[in-house]
Amino acid sequence: GVPFRIIFTARNLGHLVPTEETLHGRWLGGYERRSTVVKEMSQVPRSFIVDAGGFFAPHGLGTFAYREALSLYTLKGMEMTGVELSNIDLVDQMLGRRRLEEYTSAVSFPFVSASVLHADTGEYVYEPFHIIERDGLRIAFVGVVETDPIAEREAMEAIADERMLPGVERPDFSHGPMEGEGLRVLAPHEALRRVAPLVSDKADVVIVLGGGEIWRALHGFRDGKTFHMGLSSDQRPVDVPVMQGEVPIFLSGIGNTHVGVLDGVWREDGTVRHIRWRPIALTMDIDPDPELADLVTEMRISLKDVDPDLLIERVYAPRGDERYVGSQACAQCHQEEYDIWKESGHATALDTLKAEHAQYDPRCVVCHVTDYRAVDGYISEERTPHLASVSCEVCHGRASLHVELGGVGPEAALASPDPPRCIVCHDHINDPDFNYITDWPKIRHGQGPQGQGQPAPAQEGAAP
């Protein structure tokens with residue numbers, strides 16, 4: 001027979017950098033390592049690099065504007081990694097027709113979907129399937145939007161509740177719970193019922209791309225040459241294929257953590273069989289591809305041109321008339337403590353991000369300034385320069401009343417720093433070596449009674 005290899009990923013969801021896999025307590029992913037694996041795996045003849053869909057980032061810290069940047073650079077990363085074709089996923093189509101087409105036009109590889117139609121005309125927005133021929137072997141890739149009520153609801157709420165960029169219309173979900181504005185989405189069984197007779201005679205192999213919840217819709221493929229490749233419902237890879245009638249189903253982990261590799265063979269009788277299936281974990285011992293090294297940097301630099309008010313939802317409000325005033329206000333009465341703070345890493349926390357061009361990235365900024373998510377917190381260096389550090393008020397709370405009252409009276413009391421205030425940022429992901437007991441003395445200051453600037457005595461075992 002004729003051997004071939006399918007290399008695929010699913011649901012990148014805007015992830016450009018490695019992510020901790022909490023189940024195993026390890027770091028996985030990142031486009032730099034994914035590119036290394038894809039290049040290595042694609043060295044054999046008749047290799048096809050595809051994606052099962054889900055480039056858009058519907059969740060996470062930051063606003064729709066921020067996740068637009070993540071998603072755009074996810075697409076760029078897919079192209080740089082060699083992706084030849086991608087499905088349209090559930091979370092992608094929720095952007096609505098206009099925005100979805102703007103995204104997909106940003107890259108050169110084609111998109112496929114047998115599920116996504118124009119709401120008005122009923123015509124396909126993208127090809128229902130796309131055939132790639134290599135060394136005489138024709139493989140047709142069919143795209144399907146899966147049925148996933150939980151992911152559907154979460155994505156819908158995430159998109160619908162966000163503030164949008166100027167000039168961008170908010171998606172309207174009133175006409176259908178899983179359909180983006182201007183789109184009609186066919187159920188998996190209906191989409192595949194339509195496309196099965198169209199594709200069977202045009203290709204030697206048929207690959208159905210989509211989530212792991214479409215397996216009940218595969219009964220229309222009984223020609224012995226169809227595979228289904230997608231994402232498992234728990235987003236973790238499955239080591240062996242699951243059979244649905246004559247169709248083997250191969251489920252990989254999300255694109256940020258795994259690359260699925262399927263080796264198959266097309267036989268002269270027109271049937272196809274799989275030889276080997278491997279979901280490869282993108283572990284940190286994989287050498288990063290230097291060609292992808294600047295991808296995250298480019299994304300972060302692009303955020304400079306976005307209105308800072310659009311990059312973060314400000315959800316915390318001060319109590320009464322309290323406001324942040326900045327550490328310089330503290331120096332008026334607490335010069336010695338201010339000098340200790342000034343020599344600490346907290347005073348220059350934002351500068352450490354500048355070395356990585358990350359001073360506009362919300363996921364990074366939130367732990368390097370004063371209360372990035374508060375209505376009176378840090379906005380930008382230009383607009384709130386006095387809050388462009390991990391200031392005294394990050395540990396002690398808003399100090400406007402303290403300053404106004406000269407530190408006298410119960411209303412002027414400040415909070416005492418304690419382990420919970422520290423480990424919000426110095427957690428096991430961002431600072432795995434942090435230990436409150438040993439690290440606090442490095443910046444300890446203040447001689448007042450407990451509760452007025454002096455921390456409570458640390459208890460053994462209080463730090464992670």
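Biologist: Why is Asn87 called buried?

Modeller: Asn87 has a relative accessible area of 0%, and the word buried stands for anything under 20%, with exposed meaning over 50% and partly exposed in between (1.4 Å probe, protein chains only). Since 0% lies under 20%, Asn87 is buried. The model is predicted, with local features needing pLDDT of at least 70 and side-chain atom pairs pLDDT 80 or more, while totals for chains, interfaces and linings use all residues. Residues are numbered from 1 along each chain as its sequence is written, and side-chain values use heavy atoms, leaving out hydrogens and water.

Biologist: Where does Asn87 lie, and which residues is Asn87 in contact with?

Modeller: Asn87 belongs to strand β5, residues 85-87; strands (E, at least two residues) and helices (H or I, at least four) are DSSP runs numbered from the N terminus. Leaving aside neighbours within four places in sequence, its contacts (heavy atoms within 4.5 Å) include Asp51, Ala52, Gly53, Phe111 and Leu209. Ala52 is 35 residues away in sequence, yet the two C-alpha atoms are 5.0 Å apart.

Biologist: Why is the pair of Phe55 and Phe111 called edge-to-face?

Modeller: A search of the whole structure finds 13 aromatic pairs. Rings of Phe, Tyr and Trp (its six-membered ring) pair if their centres lie within 6.5 Å, and planes under 30 degrees apart count as stacked, over 60 as edge-to-face and the rest as tilted. The centres of Phe55 and Phe111 are 6.4 Å apart and their planes stand at 65 degrees, so this pair is edge-to-face. The pair links distant parts of the chain, 56 residues apart, with Phe55 in the loop between β4 (47-51) and α2 (64-80) and Phe111 in strand β6 (residues 111-112). Both Phe55 and Phe111 are buried.

Biologist: Why is the pair of Tyr372 and Tyr378 called tilted?

Modeller: Their ring centres are 6.0 Å apart and their planes stand at 50 degrees, so the pair counts as tilted. Tyr372 and Tyr378 are both buried.

Biologist: How do you know that Asp263 forms a salt bridge with Arg278?

Modeller: A salt bridge needs a side-chain nitrogen of Lys or Arg within 4 Å of a carboxyl oxygen of Asp or Glu, and the closest N and O atoms of Asp263 and Arg278 are 3.2 Å apart, which meets that rule. Asp263 lies in strand β15 (residues 258-266) and Arg278 in strand β16 (residues 272-281), so the pair ties together parts 15 residues apart in sequence. Both Asp263 and Arg278 are buried.

Biologist: What makes Arg300 and Asp361 a salt bridge, and why does Arg300 count as buried?

Modeller: The closest N and O atoms of Arg300 and Asp361 are 3.0 Å apart. The pair links distant parts of the chain, with Arg300 in helix α7 (residues 295-302) and Asp361 in the loop between α10 (349-354) and α11 (362-365), 61 residues apart. Arg300 counts as buried because its relative accessibility is 15%, and Asp361, at 1%, is buried as well.

Biologist: Why is Arg383 called partly exposed?

Modeller: Arg383 has a relative accessible area of 44%, so it is partly exposed. Its side chain meets that of Asp309 in a salt bridge (3.1 Å, N to O), and Asp309, at 24%, is partly exposed too.

Biologist: Why does Arg398 count as buried, and which side chain makes a polar contact with the side chain of Arg398?

Modeller: At 17% relative accessibility, Arg398 counts as buried, although it sits in a loop, between α12 (392-396) and α13 (400-404). Its side chain makes a polar contact with that of Asp376 at 2.8 Å.

How values were computed. Polar contact = N/O pair within 3.5 Å; in protein donor to acceptor, adjacent residues only side chain to side chain.
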